[in-house]
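I opened this notebook to record what I looked up in the structure. The entries follow the order in which I consulted it.

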Amino acid sequence: MSRLRSLIDEIHRRSLWQVLSIYLAGSWVALQVVEQLAEAAGLPSWVRPLALVLLVIGLPIVMATAFVQEGMTTKAPEAPSQSLADVGEVAPPPREPTTGAASLFTWRNALAGGVIAFALLGLAGTGWVLFGGGSLSPAMGGGDVNPHSIAVLPFASVDEENEAFRVGVHDALLTQLAKVRDLQVISRTSMLEYEGTRKPIPRIGEELRVARVLEGSVQRADDVVQINVQLIDAATDNHLWAESYTRDLSASNLIAIQSEIVRDIARELRAVLAPEEEARIASVPTHDLEAYDLFLRARDLQQREGRGSRMEAVEVLEQAVTLDPDFALAWAYLSMGHSGAYWYGYDRTQTRIQRARAAVDRAFELDPGLPEASLALGTYYYRTQRDYEAALRELTAAREEMGETADLVGLIGAVERRQGDFASAAANMRRAAELDPRGSIWGWTEGQTLWMVGDFAGADRAIDRTLNLAPGHPAAWDAKIRTHLFATGDLAGARRLLDSALATGSTLAVSGYRLALLERDGAAALETLGGLPELVPLQYGAVPRAYYEAVAHALDGETARARQLLDSARVIFEGFVRTQPGNETARLNLALTYARLGRAEDALDAAGAALELLPDDEFLTASFLRTIASVHAAAGASAEAIDLLRTLATDRPITLLLLGLDPVWDPLRDEPGFEALVERERAAWAAGS
């Protein structure tokens with residue numbers, strides 16, 4: 001007992017309580033600094049605990065140093081008293097001989113040890129950033145991460161029977177979150193990649209460039225729905241907030257849960273939630289649970305690729321509005337389904353257009369302020385009427401009211417490039433890529449946009465973003481090969497790119513066919529067509545394989561076989577024109593077929609009819625007019641063909657490929673005006689290279 005009391009007296013005498021207080025306060029400050037640096041630099045979660053361990057280890061060292069050093073000070077003899085006259089030369093007090101402990105436990109050694117320990121911690125964190133998958137802070141060159149950005153991982157489900165319900169709830173929550181303008185919400189397309197992922201949250205956060213990640217699960221049983229969510233700091237993997245929402249199963253309760261989750265997330269991210277936004281996310285589109293179930297299923301189908309899924313979505317939405325004729329939101333998406341069926345060529349009839357308009361009119365009748373109705377009307381104007389001014393007006397209104405989604409922003413970019421505003425179009429496609437960072441479409445569509453201003457280097461970089469995400473993406477490889485040819489006219493380099501594409505497993509029959517024609521190898525062109533169907537589907541219609549085969553045979557001088565195949569293609573194109581009188585592409589293909597068959601007058605008439613149908617479309621006009629010029633060339637109207645090319649050369653890059661290489665221009669080779677254009681393009685290409 002006396003020894004313990006002596007120890008306590010000694011601690012008091014040596015001021016160790018003051019040292020302990022100072023050390024604890026300093027440790028708290030150090031941990032705060034480490035916290036801020038780690039969050040800014042995106043350091044791994046082990047940095048903070050390691051810093052705490054170092055501080056804990058340092059505590060006994062500092063206390064031992066204080067014990068030894070204070071002991072030395074208090075044992076030193078007092079200096080003799082001095083008078084004012086003695087001040088001047090005063091001898092220092094005598095010092096005790098230095099012991100081993102005293103030489104080891106010095107303040108200099110303690111300070112040096114602390115500096116070394118934290119220097120090693122800094123080196124470990126820096127090494128992780130540079131070599132271990134970390135990301136740099138904005139100040140260190142990694143780019144800003146929006147503090148209000150969030151990725152919602154696909155929800156888990158404990159009930160496989162309700163898979164469509166799980167997917168639908170996830171998609172609906174993303175839609176609701178996107179209505180908060182102060183949030184940046186990663187699109188569903190990017191999130192699908194993380195279905196069942198084992199990637200750590202910091203890695204996901206780095207790939208998606210987000211500050212927060214939301215995980216969750218959905219359970220539906222016995223007329224009860226439970227949604228569990230937890231919000232995670234993407235940089236640190238720290239759990240910030242978690243909640244469980246349980247309600248009786250009804251459409252209104254599902255919307256209420258989603259609204260509550262959105263409000264909680266906005267609060268946690270310190271995002272501004274305007275009153276009108278809160279009203280939008282709280283609105284209940286239908287009280288019919290079965291109709292809402294069908295709506296959620298249809299939204300999942302609409303976001304999949306392929307005719308089967310998209311047309312099934314239309315059927316499901318028809319069922320939803322039959323159950324609840326006042327379901328305005330379902331009417332809006334039904335209209336978009338009909339417009340899509342027309343746009344993708346599934347049904348290019350006037351009946352389909354009329355159904356698209358009737359559905360969006362019904363949505364506005366039920367809810368005049370519905371943002372999705374503006375989206376549907378803009379889609380209708382763009383995809384069925386090609387009224388780009390009206391489309392942009394409606395889509396911009398939708399963007400203001402329902403927030404930014406990748407599909408909406410990208411659609412606005414697509415409209416802008418039709419209007420010739422290529423700079424704004426490219427910027428919107430880059431913005432779409434920010435909202436959908438794992439979506440492969442945005443890179444190559446931006447690349448196509450940059451073609452229009454002759455920025456082939458920028459186009460190539462944009463296309464590479466798609467290929468980095470999807471190495472076998474056929475459309476991106478096709479765009480990359482075209483970009484190379486547009487920029488250089490280098491057939492050997494284009495062939496190497498095609499070989500690289502084929503090595504990824506990508507199917508590029510039409511690309512290979514086009515390149516073989518430029519190489520003037522008809523037999524090789526025919527070989528590429530073996531796997532194609534009898535009717536090759538394209539965005540603006542379809543082309544019989546017989547037409548492609550005829551062109552290849554003609555290139556090799558097999559005129560009889562070429563005429564036979566062309567006549568088969570003619571019958572199909574004439575059928576398209578009868579059933580789709582407003583399809584200018586079908587008329588243009590028919591004009592080309594007539595011209596190759598030697599029916600010059602019919603060819604020029606069909607080309608004129610196609611030109612009358614062409615909308616005011618800056619994106620299509622250049623390629624369309626080049627094709628019109630090729631019809632004139634094949635029909636023997638050389639002067640008209642050269643005049644068209646000369647007009648195009650004034651406004652847009654034709655490139656060495658189109659004039660110097662393509663056999664379609666062979667009928668013009670002996671024309672002086674054509675040769676002047678070729679030389680002009682060669683000079684422009686040489687100056688640009």
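**Entry 1: D237.** I looked up D237 and found it partly exposed, because its relative accessible area is 32% and the partly exposed class lies between buried, under 20%, and exposed, over 50% (1.4 Å probe, protein chains only). I located D237 in the loop between β5 (224–233) and β6 (239–248); helices (H or I, at least four residues) and strands (E, at least two) are DSSP runs, numbered from the N terminus. Its phi is near 65°, a positive value in a residue other than glycine.

**Basis.** I note that the model is predicted, that local features need pLDDT of at least 70 and side-chain atom pairs pLDDT 80 or more, while totals for chains, interfaces and linings use all residues. Residues are numbered from 1 along each chain as its sequence is written, and side-chain values use heavy atoms, with hydrogens and water left out.

**Entry 2: R386.** I then turned to R386, which has a positive phi of about 55° although it is not a glycine. R386 sits in the loop between α15 (371–385) and α16 (388–402). With a relative accessible area of 23%, R386 is partly exposed.

**Entry 3: K480.** Is K480 buried or exposed? I recorded K480 as buried, because its relative accessibility is 11%. K480 belongs to helix α21 (residues 474–488). Its side chain makes a polar contact with the side chain of D464 at 2.9 Å. A polar contact is a pair of N or O atoms within 3.5 Å; within protein, one must be able to donate a hydrogen and the other to accept it, and residues adjacent in sequence count only if both atoms are side-chain atoms. Leaving aside neighbours within four places in sequence, I listed D460, I463, D464, L467 and L497 as in contact with K480, contact being heavy atoms within 4.5 Å.

**Entry 4: the nonpolar cores.** I looked up the largest nonpolar core, which has 82 residues, and noted that L214, I227, Y292 and F295 touch the most other members. Helix α13 (residues 328–343) gives the most to this core, with ten residues. Such a core is a set of buried Ala, Val, Leu, Ile, Met, Phe, Trp, Tyr and Cys residues joined through side-chain atoms within 4.5 Å. Not counting residues up to four places away in sequence, Y292 touches A172, A251, L254, I255, Q258, P285, T286 and F327. A second, separate core of 38 residues includes L529, Y548, A550 and V551.

**Entry 5: L334.** I found L334 in helix α13 and, at a relative accessible area of 1%, buried. L334 and F295 are 39 residues apart in sequence, and their C-alpha atoms are 9.7 Å apart in space. Residues up to four places away in sequence not being counted, L334 touches V314, L317, E318, V321 and A359.

**Entry 6: α27 and α29.** Which angle do the axes of helix α27 and helix α29 make where they cross? I noted roughly 25° for α27 (residues 584–596) and α29 (residues 618–634), whose axes come within 8 Å. The two helices are therefore roughly parallel, a class for angles under 35 degrees. The contact is made by E584, L588, A591, L592 and A595 of α27 and by F624, T627, I628, S630, V631 and A634 of α29.

**Entry 7: the whole protein.** Of its 689 residues, 48% count as buried. Among contacts between residues at least 6 apart in sequence, 61% join residues at least 24 apart.

Conventions:
Axes fitted to C-alpha atoms, helices over the stretch in contact; angles between N-to-C directions. Parallel < 35°, antiparallel > 145°, perpendicular 65-115°, else oblique.
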